[in-house]
Amino acid sequence: MRVNEKYSTLPAEDRSVHIINICAIEDIGYLPSEGTLLNSLSVDPDAECKYGLYFRDGKRKVDYVLVYHHKRASGGRTLARRAQHGDAGPAARSARQDQPLPGKAGPLGAGEPEPPLDYHEDDKRFRREEYEGNLVEAGLELERDEDTKIHGVGFVKIHAPWNVLCREAEFLKLKMPTKKLYHISETRGLLKKINSVLQKITDPIQPKVAEHRPQTTKRLSYPFSREKQHLFDLSDKDSFFDSKTRSTIVYEILKRTTCTKAKYSMGQGEGRKKDSALLNKRRKCDRYGITSLLANGVYSAAYPLHDGDYEGDNVEFNDRKLLYEEWASYGVFYKYQPIDLVRKYFGEKIGLYFAWLGVYTQMLIPASVVGIIVFLYGWATVDDNIPSMEMCDQRHNITMCPLCDKTCSYWRMSSACATARASHLFDNPATVFFSVFMALWAATFMEHWKRKQMRLNYRWDLTGFEEEEDHPRAEYEARVLEKSLRKESKNKEKRRHLPEEPTNKWRQRVKTAMAGVKLTDKVKLTWRDRFPAYFTNLVSIIFMIAVTFAIVLGVIIYRISTAAALAMNSSPSVRSNIRVTVTATAVIINLVVIILLDEVYGCIARWLTKIEVPKTEKSFEERLIFKAFLLKFVNSYTPIFYVAFFKGRFVGRPGDYVYIFRSFRMEECAPGGCLMELCIQLSIIMLGKQLIQNNLFEIGIPKMKKFIRYLRLKHQSPSDHDEHVKKKQRYEVDYTLEPFAGLTPEYMEMIIQFGFVTLFVASFPLAPLFALLNNIIEIRLDAKKFVTELRRPVAVRAKDIGIWYNILRGVGKLAVIINAFVISFTSDFIPRLVYLYMYSENGTMHGFVNHTLSSFNVSDFQNGTAPNDPLDLGYEVQICRYKDYREPPWSEHKYDISKDFWAVLAARLAFVIVFQNLVMFMSDFVDWVIPDIPKDISQQIHKEKVLMVELFMREEQGKQQLLDTWMEKDRKKAEPCNNHSPAPPPPPPPPPPDGPDFPGGSL
């Protein structure tokens, strides 16, 4: 039987049943089972309250739940306490609110020994009682349930009555729909026909949700006001505020309500001596509500309830079930998202995330199509590519210099034929076009999202919404209070050394009283207070970036040493595949390190943000996002930046190589360039992160946590058969779900993916395609996680995606610069153009490979660096070739940089400048051409303002007419009375004159 404590007023028939007394009888053993008693009270009380969605009376809806841990007393102690309450009459029952709540410590029998007192638990209970009493004073209605299937866990169910909802809705300025309906302006002519055709075509992929259907009418919205309730349709008060709005209102009250006492903080008895930390907890609880109580462990969880079950044959239809069927199922991956229903259930902030993710995925479709065309173009023209044909032609018999010292021997260029042909798939003239296209695509995507965001703001009545400053965070208030107390103690020390001056006692009392009102009103945390945290942030971030660079350096050393070791292998097949083997294994190592460091950096970013002590949750979130993005950006892209811009740039030349730690020779690019290796690096890291980190972790880790929580709760719960047969209440089921941790991880993985799609798209045109395939799964995966795996988050109003938009714009601008450098310095696009227009004898690419190779006399090798087996190719080598622009050994300035190098470098820098400015100008032009607010939306917003003015003018006119009618009636009623009224009384006598007895002419 459930033990319930109702703070709110109950019907008379409910008050006549003393639940604790009945439980005492059951403990004694007079009741064989509780089923008989339940049948005598109600047929199925759990079904009557819809299994936890309503209070026990089945009428009041549960809007929020607080969860706490408690220690149940032993059987003898419980029996003594219950027996004592069982003897109580009506008078004692009325005073029962002063007694300990069910499941708490209570008075003991006279002969029982007093158990050791747990000051922590007693202090938490004391705070809960005070806090819940303050909630009742705020107008909320509470109901407690401690006799649950989860051992040691109690629940406080919260209901907001109608008057509280109205009051808070007015405080929060919530826009609610009025009775006034108006028609939405529709397109006409050709656009109307096109829209109707598109609707018929896309009808099969539209979700079967009422909120998703195109609407021709809309209700005029207005901030709720208790004085203007007649404007709103209040025919059904139970559904006027939906569950999302009710939970938001309750959460605002929970944040605002405070507790100000702790039982053992003022030196009572042994409490303060036992644990001085309770004083700090009291201070943290002194100025704010639920956030502090959750942080201090007074409550273990706080969450709104889901609407019900999402699967099952006899499940009552609800929004959660509808979302599961039309949104969170993999079988509907091809359909649009029911964004309006998502917003209705989870709130605007989560709705905007999924809307942004949908727009991003939708925009990836044209990018994927163009990327496939570019890839197919490279595939179709690979046999016509003259440089790769020259490299594969064995008749040229070009002998290349060794790739490492001693163990590596000379090798033929034709052995790199496969790499050269594969490089052409991504390194061709279409790549430049695709880079320009993706830069314009990024600008178009940002503009498209801004327009979509404005449409959603209009549809969701957020056009006039402005975010108000949040409540200060618990940690910030604690630091401010600590600073103010420290400042107050210093002032007291100064007063002790000053000579006492005679002061007015009354003034001294007023000063003493005012000093204790609010110590923190004029105290703030300045940059001096935060300087140690800022310095720690700077040093930690620099150290983390250095760690990332060190790991990349370690992988470079691994590549060099592994290549040298494989070169000593006797198998020809192993030696012929050295580059592929080394590249693949090194990229896998990079991938594992990136995934591990991502988790570490996420925790470090959160810790660094906590020690800064931001004032509000918004400030905390923005600082956390910036640090996490910076660290994860460096972690994810450093290996790719190395391959794109540093590998093969600082190797030196044969006979004068650059060494790391004087032992490891810097690695070189393949004869076809580093673009193919960059493509391999980018594709493996991108696909690996999406497959392992984004999908496998998101599926596996929540399920593992849920399974561990299930095993723990099963171990803690009693093994009574009746408890297992009994169906769990809604709040018990939701408690076993994973808490909502915010949208930062969801946005972060998509922003990193956006970087992979845009930053190095010149080297991997298929990146948009793989991102599209991942996002199709990602949307349904996130949807399923929100609907089935997570507790229902508190709905948060928001009109945009916040700082993420600025990060997206920054990544888009950076992508233009990086792609310009990739095309110019990583690929062979510029050297080919220079050769074609400056050095080619017949205007073709014949001879390009020979032009890019320099010659080296093997007699110029440094001592100890020449190959151990110089006759590995079967003949003696006198001259070997290496990729660089240097003078030949027979030149006067042998091995010096040639004029060709400077010509190519000038062309590369010129291309970077022209490409960057041209693409930036085109992106800004797209931004200027496309308006941020759609024309029809601006017209509808203006129409709403006009209709609202007309509505209030009519209301004022109606009031004036009604007032005139009443005045006319009163005047007509007064006329007959005036006709038969007696003569008016004589005027009063004049006032007496001024005189000494009557100064001023009056008494």
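In this predicted model, Cys 408 is a buried residue, because its relative accessible area is 9%, below the 20% under which a residue counts as buried. Cys 408 is joined to Cys 404 by a disulfide, and the structure holds three such links in total. A disulfide is a covalent bond between the sulfur atoms of two cysteines.

**The link of Cys 404 and Cys 408**
- The sulfur atoms of Cys 404 and Cys 408 lie 1.6 Å apart, and with 90° about the S-S bond the link is right-handed.
- Cys 404 is buried as well, with a relative accessible area of 10%.

**The link of Cys 401 and Cys 880**
- Cys 401 and Cys 880 form a disulfide in which the sulfur atoms are 1.9 Å apart, and the torsion about their S-S bond is about 85°, so this disulfide is right-handed.
- Cys 401 sits in the loop between strand S8 (399–400) and strand S9 (411–412), while Cys 880 belongs to strand S15 (residues 879–883), so the pair ties together parts that are 479 residues apart in sequence.
- Both Cys 401 and Cys 880 are buried.

**The link of Cys 392 and Cys 417**
- Cys 392 and Cys 417 form a disulfide with their sulfur atoms 1.9 Å apart, and it is right-handed because the torsion about the S-S bond is about 95°.
- Since Cys 392 lies in helix H18 (residues 386–392) and Cys 417 in helix H19 (residues 417–426), the pair ties together parts that are 25 residues apart in sequence.
- Cys 392 is partly exposed, with a relative accessible area of 22%.

**Further cysteines**
- Cys 166 is buried, with a relative accessible area of 2%, and Cys 679 is buried with a value of 4%.

Definitions and conventions:
Residues numbered from 1 in each chain as written. Predicted model: local features only at pLDDT ≥ 70, side-chain atom pairs only at ≥ 80, totals over all residues. Heavy atoms only, no water. Disulfide = S-S within 2.5 Å. Helix = DSSP H or I, 4+ residues; strand = E, 2+ residues; numbered from the N terminus. Buried < 20%, exposed > 50% of the residue type's maximum accessible area, 1.4 Å probe, protein only.
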